[in-house]
Amino acid sequence: MITAVGLAEGAIGGFFAAVALSVVKSLIEGEIHGALEDWLKRRVRAAAAELPQELAEDHEDEWMEELAERLDRPRLALRYVRGLSKAAREIAADTERRLRDLAPADAERESETEPVGRTLAIPGTPLLVYVPARAASKHGESRPLSGAEDR
Amino acid sequence: MPERITGQLERVLSALVADVHREWYGLELMEYTRLSSGTLYPILHRLVEDGWLVRTREARSDRGGTGRRLYKLTGVGELAARDVLKSRELRRASASARVGRRVRPA
């Protein structure tokens, strides 16, 4: 037979069980949330590490900052982080391509800024004349001074 | 000048041109253009490298970080973006006119 005392004991027990359960639940949730946050940050760092060194730190800061705004919405945070690795690879490829495209232009510019002239002999005399590259190209490099030869 | 003018690039440029004085940060642009981080950041990177956008750092972060990175159209970028959007618009208009002519009964 159920007595009033039994009912009261049951109610108190149920109350404490509910409190204990909610505490455990929030602890587990906190634990999961913390672990997820750590994992997301690791993914951001890993994505940034795929970038060229001169870009990595700045982009990592940018992405961490923006991830922080999404941490309260785990699904969006996951989607955000998932794209970063692809973004990093594309940025790295673009940077590499730009450097490659730039390299021949730089070499050309260097040769322009360091003109190499030509030393020409004046026929019939012991004299040598130095013709700067710019002057040589102005007069047409392919057409040397008449009868003159490089010595 | 970006190599290819894609639909995604067009969406980013449209957003930027809508308010040329506005400074955007990545998440804002992602939400506005509905592009993923994997698509948006490479576009922003290319636009910065091409001199269409300027990238700055927010003065202060109240989230304890180093501050958001902000993107804003440059003068050159604004002109170029308007030009790109206009030419895309014209191309679309002429394409739809061609389709219209083709389906019109003789």
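Of the 151 residues of chain A in this predicted model, 24% count as buried. Among contacts in chain A between residues at least 6 apart in sequence, 50% join residues at least 24 apart.

The largest nonpolar core holds 45 residues. A:W63, A:Y80 and B:L47 are the residues with the most contacts inside this core. Helix α3 of chain A, residues 74–113, gives the most to the core, with seven residues.

A:Y80 can be followed through its contacts. Leaving aside neighbours within four places in sequence, A:Y80 is in contact with A:W63, A:E66, A:L67 and A:R70 in chain A, and with B:L27, B:M30, B:S37 and B:Y41 in chain B. One of these partners, A:W63, is also listed with A:Y80 among the residues with the most contacts inside the core.

A:E66 counts as buried because its relative accessibility is 0%, and the cut-off for buried is under 20%. Not counting residues up to four places away in sequence, A:E66 touches A:Y80, along with B:Y25, B:G26, B:L27 and B:Y41 of chain B. The C-alpha atoms of A:E66 and A:A77 are separated by 9.3 Å, the two residues being eleven apart along the chain.

In chain B, helix α1 packs against helix α3 at an angle of about 70 degrees, with the axes 10 Å apart. Because of this angle, α1(B) is roughly perpendicular to α3(B); angles of 65 to 115 degrees count as such. The residues that make the contact are listed by helix below.

| Helix | Residues in the helix | Residues making the contact |
|---|---|---|
| α1(B) | 7–18 | B:Q8, B:L9, B:V12, B:L13, B:L16 |
| α3(B) | 37–49 | B:T39, B:L40, B:I43, B:L44, B:L47 |

The crossing in which α1(B) passes α3(B) is right-handed. B:L47, on the α3(B) side of this contact, is also one of the residues with the most contacts inside the largest nonpolar core.

Conventions: Residues are numbered from 1 along each chain as its sequence is written. Chains are lettered from A and ligands numbered from 1 in the order in which they are written. This is a predicted model: local features need pLDDT of at least 70, side-chain atom pairs count only at pLDDT 80 or more; totals for chains, interfaces and linings use all residues. Side-chain values use heavy atoms; hydrogens and water are left out. A nonpolar core is a set of buried Ala, Val, Leu, Ile, Met, Phe, Trp, Tyr and Cys residues joined through side-chain atoms within 4.5 Å. Buried means under 20% relative accessible area, exposed over 50%, partly exposed in between (1.4 Å probe, protein chains only). Helices (H or I, at least four residues) and strands (E, at least two) are DSSP runs, numbered from the N terminus. Contact means heavy atoms within 4.5 Å. Axes are lines fitted to C-alpha atoms, for helices over the stretch in contact, and angles run from 0 to 180 degrees between N-to-C directions. Angles under 35 degrees count as roughly parallel, over 145 as roughly antiparallel, 65 to 115 as roughly perpendicular and the rest as oblique. A crossing is left-handed if the near helix is turned anticlockwise from the far one by less than a right angle, and right-handed if clockwise.
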